[in-house]
Amino acid sequence: MNKELVLILDFGGQYNQLIARRVRECNVYSEVVPYNISLEKIKEKAPKGIIFTGGPASVFGENAPKCAKGIFELGIPVLGICYGMQLMAYTLGGKVAHANTREYGETNVSIDNTSDLFNGFSTQNVFLMSHTDYVENVPEGFKKIASTPVCPNAAMVEPQKKLYGIQFHPEVNNSVNGTQVIRNFLYNICGCSGDWVMSSFVEDSIKTLKEKIGDKKALCALSGGVDSSVAAVLLSKAIGKNLTCIFVDHGLLRKNEGDEVEKIFTENYDLNFIRVDAKDRFLQKLAGVTDPERKRKIIGEEFIRVFEAEAKKIGTVDFLVQGTIYPDVIESGLGKSAVIKSHHNVGGLPDYVDFKEIVEPLRNLFKDEVRKTGLELGIPEELVYRQPFPGPGLAIRIIGDITEDKLNILKDADSIFREEIAKAGLHKSINQYFAVLTNLKSVGVMGDERTYDYTIALRAVETTDFMTGVWSKIPYSVLEKVSSRIVNEVKHVNRVVYDITSKPPATIEWE
Ligand code: XMP
C-alpha cells in the first residue's frame with residue numbers, strides 16, 4: 001500500500017478538493033479531513049505534510065474555524081493557503097489585518113526564489129489572489145518570501161519548523177505553475193518520494209480485495225457507467241467467478257448500448273454476468289407518465305425492484321459492491337455529512353438484498369483517478385471516457401409520454417448525432433451532447449407530400465463541472481450534416497433544431 005500521505009485540513013474553501021487532486025497529480029496520496037481533526041488522529045495517520053485550505057471565515061470571527069493546538073509543534077511541515085496562512089500567522093503571534101478592499105484576480109507576485117518553496121521560479125509570477133484579510137506582520141521566527149503592492153506578506157516561512165504560508169491559491173489554473181509550488185512543498189520540504197501511482201493502486205487493491213473477500217461471494221449492480229464498470233472489473237480481477245454482476249437493462253439506454261456493455265463484460269472478464277431485459281416492465285410503468293420527476297422516481301424504484309428480484313435468485317451474498325467515489329464521501333469540516341451513492345442517483349440502496357457488508361473499492365479515488373484505473377485495467381477507452389449519461393436514460397430526453405416508437409426515433413437520431421460529432425473529432429471537446437425528442441409536431445414537405453412529424457432538438461454543452469455550461473459552437477457544416485442525415489434516415493422526423501441556451505438559465509437535460 002502507498003505509505004506517503006498528506007492531510008488537507010478543510011477550512012471550507014471552494015477549492016479544497018482541487019488541492020487534494022493537485023497533490024495526487026504530484027503522485028502523493030492526499031486525504032481531505034475536517035479542520036478540527038485531533039492531534040491524536042493526525043499522529044495516528046502520520047502524514048508527511050499538512051496543508052490548510054482557504055476558507056470564507058476571518059480569523060477575527062466569533063466562530064472562526066481553528067485547528068488543534070499544538071499542530072505546529074508536531075514536526076510535520078505545514079503549508080497554509082489563504083485563510084490557512086492567516087490562521088497560522090494569527091495562532092503563532094503574527095498580526096492579521098482587515099483590508100478595506102479585496103484583492104481579487106490574477107496578480108503579479110514578487111517572490112524570493114531562493115526559498116525551497118519557490119525553487120525553479122523566476123522572481124515575478126502570476127498567481128490568483130482572493131482575500132480581504134492579510135498578514136500584516138509575520139510571527140516571530142518567520143520571514144516573508146513574497147509580496148504584492150497590496151499585500152506586504154504574500155508568503156512566509158519558518159524554516160526550522162518547516163511552516164509555510166501563501167496568500168495566493170496555487171491549486172487553480174489561473175495561478176501559472178501553481179502546481180509546481182505544491183510539488184516543491186511535497187518533494188523539497190516534506191521529503192515525499194511520490195509513491196501514489198495508479199498501477200500500484202490497482203495491484204494493491206486486488207491484493208486487499210482478495211484477502212478481504214477470499215472465496216466468499218459478491219454482487220454488483222452494473223449500469224455500464226464508468227464507476228460501476230471500474231469497480232466490477234477490479235473485483236473480477238480479485239475474485240473472478242465469485243463476483244456476479246447484474247446489469248438491469250431498462251431499455252432506456254442509447255442505441256446498441258446494452259449490447260455493448262454485455263459484450264465488454266462477457267468477452268473480456270472472468271465474472272458472472274446477468275443481463276436483465278426489463279424494457280417491457282419499465283415501459284409499462286412509464287406508460288402515460290409525462291412529469292419528469294415522476295419518471296425519475298418510477299425508474300429509480302423499478303430499478304431497485306428488478307435488481308432485488310434478480311439478487312433473490314442468487315440468495316445470500318457476503319458483499320455488495322458499490323461504485324462510490326471520493327467526492328461522494330469527503331467529510332467537510334463545516335458539517336456536511338457523508339453520503340452513500342445510489343445506483344443511479346435516483347434510487348437508493350436495495351432494501352431486501354441479503355448481504356453482509358458493502359465494499360467500495362473506489363472510495364478514495366477522484367473521477368480522473370477512476371478513469372486512470374479503468375485504463376490500467378484494460379477497460380476500453382470508449383467506456384472509460386464515456387460522456388455522462390443520466391440514470392433515467394432516454395426517458396428524460398423524450399418530452400411528454402414515452403412509447404417504444406418514440407424511443408426508437410430518439411435512439412436513431414441520437415446515434416447519428418454522436419457519430420457525426422465523433423467523425424468531426426469534436427467528441428473530446430464537447431462534454432455532453434445528445435438528441436432530444438420534443439413533443440412538438442410540425443408541418444413539412446417530402447417529395448410532393450405534406451408531412452406532419454416530430455421535431456428533434458440537438459443539445460451540446462461545454463462544461464467542467466456540469467453545474468454551469470455553455471452551448472457548444474459546433475461548426476455549421478457539422479450541424480448541416482447531422483440535420484440532413486436525421487431527416488433522411490429517421491422516419492417521423494421532419495425538423496431538427498439546435499439548442500443555443502447555456503446553463504444557467506437552461507439545464508443541460510430538457511427534463
Ligand atoms: P442538468 O440537466 O441538471 O444536468 O443540467 C446536469 C448533469 O446531471 C445529469 N442528470 C442526471 N443524472 N440522474 C442522473 O444520474 C438524473 O436524474 C439526472 N438528471 C440530470 C445530466 O445528464 C448532466 O450531466
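How many residues of domain 2 are in contact with domain 3? The count is 12 residues of domain 2, touching 12 residues of domain 3. Contact here means heavy atoms within 4.5 Å.

A word on the model. It is predicted, with local features needing pLDDT of at least 70 and side-chain atom pairs pLDDT 80 or more, while totals for chains, interfaces and linings use all residues. Residues are numbered from 1 along each chain as its sequence is written, and side-chain values use heavy atoms, leaving out hydrogens and water.

Now the layout. The protein splits into domain 1 (6-189), domain 2 (198-384) and domain 3 (397-498). Those bounds come from an automatic or database domain assignment. The C-alpha centres of domains 2 and 3 lie 29 Å apart. Between these two, about 1100 Å² is buried, and carbon and sulfur atoms give 55% of that. Buried area is the accessible area (1.4 Å probe) that two parts lose on being put together, summed over both. On the domain 2 side, Arg254, Lys255 and Leu283 lose the most area, together 45% of what that side buries.

Next, helix H3, residues 83-91. Helices (H or I, at least four residues) and strands (E, at least two) are DSSP runs, numbered from the N terminus. Why is H3 largely enclosed by the rest of the structure? Because seven of its nine residues are buried, meaning under 20% relative accessible area (1.4 Å probe, protein chains only; exposed is over 50%, partly exposed in between). Among them are Tyr83, Met85 and Leu87. Their cover includes strands E3 (49-52) and E4 (78-81). Just after H3, Gly93 takes a positive phi of about 95°.
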